[in-house]
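Subject: Structure for you, with notes

Hello,

Here is the structure we talked about. My notes on it follow below.

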Amino acid sequence: MQKSTRLTGDLEQLAVRAGRELQGADALEILRWAGTAFGPRLVVASSMADTVLVYLAAEAVPGVDVLFLDTGYHFPETIGTRDAVAAVCDITLVDVTPAQAVAEQDAQFGPRLHERDPDLCCRLRKVVPLNQALGPYLAWVTGVRREESPIRADTPVVGYDAARGMVKINPLAHWTEADLQAYAARHQIIVNPLLAQGYASVGCAPCTRPSENRDGRWAGSAKTECGIHT
C-alpha cells in the first residue's frame, strides 16, 4: 500500500513528538501507545533470537501481527522457538519468505552466496522480503537496543524510518542484556535455547557463531548489520 506524501509527513511529525514524550517510558507503555495510535496497521518484527519483545507486544496489543523472516537458513532451535511462542502468545504470526528458495538462489547465484557476498544474500533473504511485508503498515516495532553496537547507540524509543516512510518503534532501546535475561527469568518465558549455548546473538545458521556479543554474526568478516536497520 503506497503511503501519500502528506501521510508520511504526518507520520514523521508524530514520530518526533512521540519519541520526545515517551523517552522515559517503559516498554509496555510505549507499546500500548503504539497499539492505540496505529491499531491494525502496527506490526512487530521478530527474529525469535530473544522473545521478550513478542511477549511484551502480546500483552500490550493482543493479537498484534508479528513478522518472522523465514530466510531458509535458520537454526532448527529458532524455528522451534517461533512455533512455541506463537502457540502461547496472543499474536498473529506472519511468516515472511524470500522470493527464491535457497536452492533457487543457489541455481542463480551459485552455492554459499552468504560466504561470497553476504550483503547480497541478506538483501535477498531479509531486506527485500521485509520491505514488501511492511507495505500495509504505518508503524513497525523492533527489538533494537542501544548497547548492541555503536551503530545502534543513539536508537530512539520512537523514531521515523525515512527509507520506508513509517514510524519505527524500539521499546527495548534502553534495555541491557541483563534486563532481557532478568525479564525472561522473572516471567518464565520461552527463550531460544541457543542463548544458553553461548550464542549472544542469533541469526542465520551459516553466518552465526557462539560469541559474547554481536561479533558472532558474520564472524570473520567486517559485516555487522544485515541492512534492515541501516
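Helix H3 (residues 52-60) packs against helix H8 (residues 177-187) at an angle of about 60 degrees, and their axes are 10 Å apart. Axes here are lines fitted to C-alpha atoms, for helices over the stretch in contact, with angles running from 0 to 180 degrees between N-to-C directions. H3 and H8 are therefore oblique to each other; under 35 degrees counts as roughly parallel, over 145 as roughly antiparallel, 65 to 115 as roughly perpendicular, and the rest as oblique. Their crossing is left-handed, meaning that the near helix is turned anticlockwise from the far one by less than a right angle (clockwise would be right-handed).

On the H3 side the contact (heavy atoms within 4.5 Å) is made by Val52, Leu56 and Glu59, and on the H8 side by Leu180, Tyr183 and Ala184. These residues divide into 5 nonpolar, no polar and 1 charged.

The model is a predicted one: local features need pLDDT of at least 70 and side-chain atom pairs count only at pLDDT 80 or more, while totals for chains, interfaces and linings use all residues. Residues are numbered from 1 along each chain as its sequence is written, and side-chain values use heavy atoms, leaving out hydrogens and water.

H3 is mostly covered, with 8 of its 9 residues buried (under 20% relative accessible area; exposed is over 50%, partly exposed in between; 1.4 Å probe, protein chains only). The buried ones are Val52, Leu53, Val54, Tyr55, Leu56, Ala57, Ala58 and Ala60.

Leucine 28 is found in helix H2 (residues 27-38) and, at 18% relative accessibility, counts as buried. Leaving aside residues up to four places away in sequence, leucine 28 touches Leu56, Glu59 and Ala60. Its C-alpha atom is separated by 7.9 Å from that of glutamate 59, 31 residues apart along the chain.

Of its 230 residues, 49% count as buried. Among contacts between residues at least 6 apart in sequence, 68% join residues at least 24 apart.

Regards

Methods
Helices (H or I, at least four residues) and strands (E, at least two) are DSSP runs, numbered from the N terminus. Ala, Val, Leu, Ile, Met, Phe, Trp, Tyr, Cys and Pro count as nonpolar, Asp, Glu, Lys and Arg as charged, and the others, Gly among them, as polar.
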